[in-house]
Amino acid sequence: MSASATHLAAEVATQPDDWTRAATTAAAHRDLLPAPGERVAVFGCGTSLFMARAYAALREAAGAGLTDAWPASALPAGREYDRYLAICRSGTTTEVLDAISALPEGIPRTVISSSPGTPVLSMAAPILINEVDEQSVVQTRFATTTLAILRWHLGEDLTPVIAQARAVLAETAHEAVANVRHAEQISFVGMGFAAALAEEAALKLRESCRSWTDSNLATEYRHGPISLAGPGRAVWAFGPPVPGLAAEIHATGAHFEHRSFDPMAELVRVHRLCLLRAADLGLDPDRPRNLGRSVILS
């Protein structure tokens, strides 16, 4: 299957426009999103969890209030929050539905989803963004648009980020990822919200083309994971690299990949790598092995 003849390719390509519209969505649903000073728990599964972690890091860095990100299956009982925010593309994920069902009464809860007519929309105040729903099992634009909504809501101006994503999409696929296309192994690193998007980047490659990837806090990479680095492998830094790390990676013979782009725009580069690698291997990135659109437990 060619890199361009997939649902995933079409969905990756709409992201700059999706992030632009996200500003209007954020404004329209202001009252359903966390207010400054609220203690907030954000939860989801898989990719949605990584978006929750990114948002939590950004919200706390902005001084907007305590923000915890949890896997839906591990949302703690007895901890006091002023608002709950669930992220669930499919609207049917069992762990998310169970988590919402167990929330304490009287505490506002919101869910962001892209799937009309699903159970989750009746269990919390819904923000339905069905215009970014996906046919590919591999999540891209729903997740990044959710994060864009939350970033606009925090008062960020994503105009430069959108321009960077457009620049990534304007490159030829090979130009975008030439130095990592054939890497045997890739470690993604970052700090703050970039660390959560590094986790998502590693997951995307594992899902779409079964690549050997991992992710780490950039400061933790030296504490063990650097033992993987060597010729034919790569370390891809999201966000500003920690001092000295690039030189340490080069000394191992591994490639150090970095652009001074916002981590969301860098994630679009990873999406393009997913498409290329899947095509190189003859894999269908829309239907990864052993995965479905939603995890529904009996």
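Visitor: How many Å separate the centres of domain 1 and domain 2?

Guide: In this predicted model, the two centres, taken over C-alpha atoms, are 24 Å apart. Domain 1 covers 7-154 and domain 2 covers 158-281, with bounds that come from an automatic or database domain assignment. Residues are numbered from 1 along each chain as its sequence is written, and side-chain values use heavy atoms, with hydrogens and water left out. Local features need pLDDT of at least 70 and side-chain atom pairs count only at pLDDT 80 or more, while totals for chains, interfaces and linings use all residues.

Visitor: And how many residues of each domain are in contact?

Guide: Contact means heavy atoms within 4.5 Å. Here 25 residues of domain 1 are in contact with 24 residues of domain 2.

Visitor: How do I read a helix pair? At what angle do α3 and α5 cross?

Guide: Helices (H or I, at least four residues) and strands (E, at least two) are DSSP runs, numbered from the N terminus. Axes are lines fitted to C-alpha atoms, for helices over the stretch in contact, and angles run from 0 to 180 degrees between N-to-C directions. For α3 (residues 47-61) and α5 (residues 141-153), the axes come within 10 Å and cross at roughly 20°. That makes α3 roughly parallel to α5, since angles under 35 degrees count as roughly parallel.

Visitor: Which residues of α3 and α5 make the contact?

Guide: From α3 you have Thr 47, Ser 48, Met 51, Ala 54, Tyr 55 and Leu 58, and from α5 Phe 142, Ala 143, Thr 144, Leu 147, Leu 150 and Arg 151. By class, that's eight nonpolar, three polar and one charged. Ala, Val, Leu, Ile, Met, Phe, Trp, Tyr, Cys and Pro count as nonpolar, Asp, Glu, Lys and Arg as charged, and the others, Gly among them, as polar.

Visitor: What about α6 and α10: how closely do their axes come?

Guide: The axes of α6 (residues 159-170) and α10 (residues 263-281) come within 8 Å and cross at roughly 20°, so these helices are roughly parallel to each other too. On the α6 side, Val 161, Gln 164, Ala 165, Val 168 and Leu 169 meet Met 264, Ala 265, Val 268, Arg 269 and Arg 272 of α10. This contact has seven nonpolar, one polar and two charged residues.

Visitor: Is Arg 181 buried or exposed?

Guide: Buried means under 20% relative accessible area, exposed over 50%, partly exposed in between (1.4 Å probe, protein chains only). Arg 181 has a relative accessible area of 18%, so it is buried. You'll find Arg 181 in the loop between α7 (173-177) and β6 (186-190). Leaving aside residues up to four places away in sequence, Arg 181 touches His 174, Leu 273, Leu 276, Arg 277 and Asp 280.

Visitor: Which residues of α4 are buried?

Guide: In α4 (residues 94-101), they are Thr 94, Val 96, Leu 97, Ala 99 and Ile 100. These pack against β1 (40-44), β3 (83-87) and β4 (109-113).

Visitor: Where is Arg 210, and what is its phi?

Guide: Look in the loop between α8 (193-209) and β7 (213-217). Phi of Arg 210 is near 60°, a positive value in a residue other than glycine. Arg 210 is partly exposed, at 45% relative accessibility. Asn 290 also has a positive phi, near 70°, and sits in the segment after α10. At 75% relative accessibility, Asn 290 counts as exposed.

How values were computed
Angles under 35 degrees count as roughly parallel, over 145 as roughly antiparallel, 65 to 115 as roughly perpendicular and the rest as oblique.
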